[in-house]
Amino acid sequence: MKRLNFLCSFLLFAFALSFSGVSVYAQTKSQIKEAKKVAKSEAKKLAKEGWELIGIGSLESAIYEAYLKTKTGYSEYSSAVSRHSNQSQAIKQARIQAYESYAEEISTDLEAIVGNDAMGIPEATVEQMSNSLTAYSKASVYGQLKEAYTICRKSGDLFEVRSYFLLSDDDRFDAQLRALRQSIAVANLNKEVAAAMENDLKKKAKEKNDNAESNDAAED
């Protein structure tokens with residue numbers, strides 16, 4: 001009876017996942033082997049430079065888990081090194097910097113799309129869109145990035161901190177699409193131009209996914 005209940009629970013869980021939009025990935029043996037090798041090497045290098053993991057666990061394990069994620073539909077983003085006499089402030093600054101860096105990357109990608117489809121749009125409108133893309137990109141990213149791990153070391157009287165974040169490809173696309181739509185609404189573009197910009201964004205996202213799948217197939 002217990003076995004039957006467990007089986008039913010498992011099937012219900014799998015059924016729920018199929019409708020939740022959650023992607024379930026299985027790492028290949030080669031990916032796991034590569035992740036272990038990279039994690040061991042990178043952890044050793046960082047330890048020699050004086051870096052330590054903030055939080056529970058080992059630095060090697062944190063790097064291993066994050067690296068595997070990059071092979072299964074995630075991208076990794078790191079902050080610049082933040083320096084402060086107070087460790088908590090250094091951590092806070094590193095996290096903010098990571099968000100801003102990611103938002104800038106989104107904004108740059110979207111500006112390229114706007115530029116490609118800007119024919120016939122007044123220059124002032126294009127400039128307005130570029131300016132609003134920066135603001136809307138920042139608003140879109142909050143809550144999207146998931147912290148993978150944060151490292152810290154002491155340099156004189158200062159704490160040096162760097163944070164690493166993971167972002168799923170789906171969340172990245174959602175953030176881009178929201179920022180683009182908000183900017184389009186502010187610029188009051190006609191439906192044809194707006195549709196062309198959204199289609200370009202979807203096309204680029206599909207190309208990225210197709211390339212990732214091809215690389216995974218090659219590794220297998």
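The structure is a predicted model.

**Strand 5 and its partners**

Strand 5 comprises residues 158-168. Most of this strand is covered, since eight of its 11 residues are buried. Strand 5 is paired with strand 2, with strand 3 and with strand 4. The table sets out each pairing.

| Strand paired with strand 5 | Residues | Sense | Bridges |
|---|---|---|---|
| Strand 2 | residues 74-78 | antiparallel | five bridges |
| Strand 3 | residues 82-84 | antiparallel | three bridges |
| Strand 4 | residues 146-155 | antiparallel | nine bridges |

Individual residues illustrate these contacts. Tyr 77 has Phe 165 of strand 5 as its bridge partner. For His 84, the bridge partner in strand 5 is Phe 159. Val 161 of strand 5 stands opposite Cys 152.

Strand 4 and strand 5 also form a hairpin, with two residues between them. Gly 156 lies in the turn of this hairpin and has a positive phi of about 65°.

**Helix 5**

Helix 5 runs over residues 123-141 and contains 19 residues. From its first C-alpha to its last, helix 5 reaches 27 Å, which is close to the 27 Å expected at 1.5 Å a residue. At Leu 133 the helix bends by about 25°. Leu 133 is also among the buried residues of helix 5. After helix 5 comes Gly 143, with a positive phi near 95°.

**The second largest pocket**

The second largest pocket holds about 280 Å³ of space. It is lined by 14 residues, of which Arg 172, Gln 176, Lys 204, Ala 205 and Lys 208 are the closest to its centre.

Three helices each supply at least two residues of this lining: helix 4 (87-116), helix 6 (169-187) and helix 7 (191-219). Helix 6 gives the most, with six residues. By class, the lining of the second largest pocket consists of seven charged, five nonpolar and two polar residues.

**Summary**

In this predicted model, strand 5 is mostly covered and pairs in the antiparallel sense with strand 2, strand 3 and strand 4. Helix 5 bends at Leu 133, and the second largest pocket draws on helix 4, helix 6 and helix 7 for its lining.

Terms used: Residues numbered from 1 in each chain as written. Predicted model: local features only at pLDDT ≥ 70, side-chain atom pairs only at ≥ 80, totals over all residues. Heavy atoms only, no water. 1 Å grid on protein atoms, 1.4 Å probe; cavity = no way out; pocket = protein on both sides within 12 Å on 5 of 7 lines; lining within 4 Å. Points joined across faces, edges and corners; volume = space filled by probe spheres on them. Helix = DSSP H or I, 4+ residues; strand = E, 2+ residues; numbered from the N terminus. Nonpolar A, V, L, I, M, F, W, Y, C, P; charged D, E, K, R; others polar. Buried < 20%, exposed > 50% of the residue type's maximum accessible area, 1.4 Å probe, protein only. Pairing = 2+ DSSP bridges. Expected span 1.5 Å × (residues − 1). Bend = angle between axes of the 7 residues up to and from the residue.
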